Amino acid sequence: MAPRCAIWLSTPNTAAAEIARDLGYTAAVLDIEHGAFDLAALESFIPFLKAIGLEVLAKVLGPDQVPIQQALDFGADAVIIPHIKGVEHARAVTAFAKFPPLGDRSFAGGRTSAYGGFDQLWVERQDSSTKCYPMIEDAGAFEEIEEILALPTVDGVFLGPSDLSLRRGRGAYQRTEGDFADFGVVAASAARAGKPWIIPAWSLSEKQFAVENGAGLIVLTMEHSALLNGMRSSLEEVTSFVTEAAR
């Protein structure tokens, strides 16, 4: 089975989303934590993405109740929660993505319930259809990944390679053997738990590892990196023509 592929968006860029969809991407990761999203943009951009057929994974502002609930209330299919310190932190924070008695999410009565009421069947469908992916980017979360994956409020994990390298003492992320060894632990733990793992895979080596180790979703490129690479390629083409003509 071909892996599911996502684009990483840092702004509410409708053109980038449409291009990704037309090329065959099936999902979009919204970097709310580090990107340029406000609530008004999210409230309109999330339903736009879903309307054009993209799954929406919202990397929320932080490991707190309000940003988690807001992303889900706006209609996101999943939340990615950064800065998880360990299993007890994950237990408390991921609960905000599921309704009682499973978790502690608050009912909003907006878009997800068709601006009306709800019943128990709706609650159960929300809990099963909306996904919660804590990030594995902290040394404590990495060490307790098995326990985190065992939580009933956790549907899988999202790997944070750069921060994990920094927090595991390897310094700036350089795609070293140690990095890929950690990735292997994450992939194997997810497989044993029967839950997906997700990786932002900007390089060929990361993409190959993701495919070979059964990643549930591969984030292939960042919005700004795609723009940078396209602009650089065009400039290099012209520069090579000028250099050749001068010979």
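User: Let's begin with Arg 91. Is Arg 91 buried, partly exposed or exposed?
Analyst: Arg 91 counts as partly exposed, since its relative accessibility is 42%. Keep in mind that this is a predicted model.

User: Ok. Which residue does Arg 91 meet in a salt bridge?
Analyst: That would be Glu 88, with 3.1 Å from N to O. Glu 88 has 51% relative accessibility, so it falls in the exposed class; the cut-off for exposed is over 50%.

User: How are Glu 88 and Arg 91 placed in helix 4?
Analyst: They sit three residues apart in helix 4, so about one helical turn separates them.

User: How many salt bridges does the structure hold?
Analyst: There are 16. One of them joins Glu 43 to Arg 111, where the closest N and O atoms are 2.6 Å apart. That pair ties together distant parts of the chain, 68 residues apart: Glu 43 belongs to helix 2, while Arg 111 is in the loop between helix 4 and helix 5.

User: And how accessible are those two, Glu 43 and Arg 111?
Analyst: Glu 43 is at 33% relative accessibility, so it counts as partly exposed. Arg 111 comes out at 25%, so partly exposed as well.

User: What does Lys 50 pair with?
Analyst: Lys 50 forms a salt bridge with Asp 77, and the closest N and O atoms are 3.4 Å apart. This pair also links distant parts of the chain, with Lys 50 in helix 2 and Asp 77 in the loop between helix 3 and strand 4, 27 residues apart. Lys 50 has a relative accessible area of 37%, so it is partly exposed.

User: Which residues are linked in a network of salt bridges?
Analyst: Arg 168, Arg 170, Asp 179 and Asp 182 are linked that way.

User: Switching to helix packing. How do helix 1 and helix 2 sit relative to each other?
Analyst: Their axes come within 11 Å and cross at roughly 20°. Angles under 35 degrees count as roughly parallel, and helix 1 and helix 2 are therefore roughly parallel to each other. The crossing of helix 1 past helix 2 is right-handed.

User: What about helix 9 and helix 10, at what angle do they cross?
Analyst: Roughly 25°, and the axes come within 11 Å. Helix 9 and helix 10 are therefore roughly parallel too. Helix 9 passes helix 10 in a right-handed crossing.

User: How far is Tyr 25 from Gly 62 in space?
Analyst: C-alpha to C-alpha it's 26 Å, and the two are 37 residues apart in sequence.

User: Now the backbone. Which peptide bond is cis between Pro 100 and its neighbour?
Analyst: The bond from Pro 100 to Pro 101 is cis, with omega near 10°. Pro 101 is in the loop between helix 4 and helix 5. In general, most peptide bonds are trans, and most residues other than glycine have a negative phi.

User: Then what is phi for His 83?
Analyst: His 83 has a positive phi of about 65°, though it is not a glycine. His 83 is in the loop between strand 4 and helix 4, and its relative accessible area of 26% makes it partly exposed.

User: And what is phi for Arg 175?
Analyst: Phi is near 60° there, a positive value in a non-glycine residue. Arg 175 lies in the loop between helix 8 and helix 9. With a relative accessible area of 35%, Arg 175 is partly exposed.

User: Last one: which residues make the nonpolar surface patch of about 320 Å²?
Analyst: Val 238, Phe 241 and Val 242 make that patch. Val 238 is in helix 11, and at 47% relative accessibility it counts as partly exposed.

Definitions and conventions
Residues are numbered from 1 along each chain as its sequence is written. This is a predicted model: local features need pLDDT of at least 70, side-chain atom pairs count only at pLDDT 80 or more; totals for chains, interfaces and linings use all residues. Side-chain values use heavy atoms; hydrogens and water are left out. Patches are made of residues with over 30% relative accessible area and no salt bridge: like charges are joined within 9 Å, nonpolar side chains (Val, Leu, Ile, Met, Phe, Trp, Tyr) within 5 Å. Accessible areas come from the Shrake-Rupley method with a 1.4 Å probe; for residues, only the protein chains shown count as cover. A salt bridge is a side-chain nitrogen of Lys or Arg within 4 Å of a carboxyl oxygen of Asp or Glu. Helices (H or I, at least four residues) and strands (E, at least two) are DSSP runs, numbered from the N terminus. Buried means under 20% relative accessible area, exposed over 50%, partly exposed in between (1.4 Å probe, protein chains only). Axes are lines fitted to C-alpha atoms, for helices over the stretch in contact, and angles run from 0 to 180 degrees between N-to-C directions. Angles under 35 degrees count as roughly parallel, over 145 as roughly antiparallel, 65 to 115 as roughly perpendicular and the rest as oblique. A crossing is left-handed if the near helix is turned anticlockwise from the far one by less than a right angle, and right-handed if clockwise.
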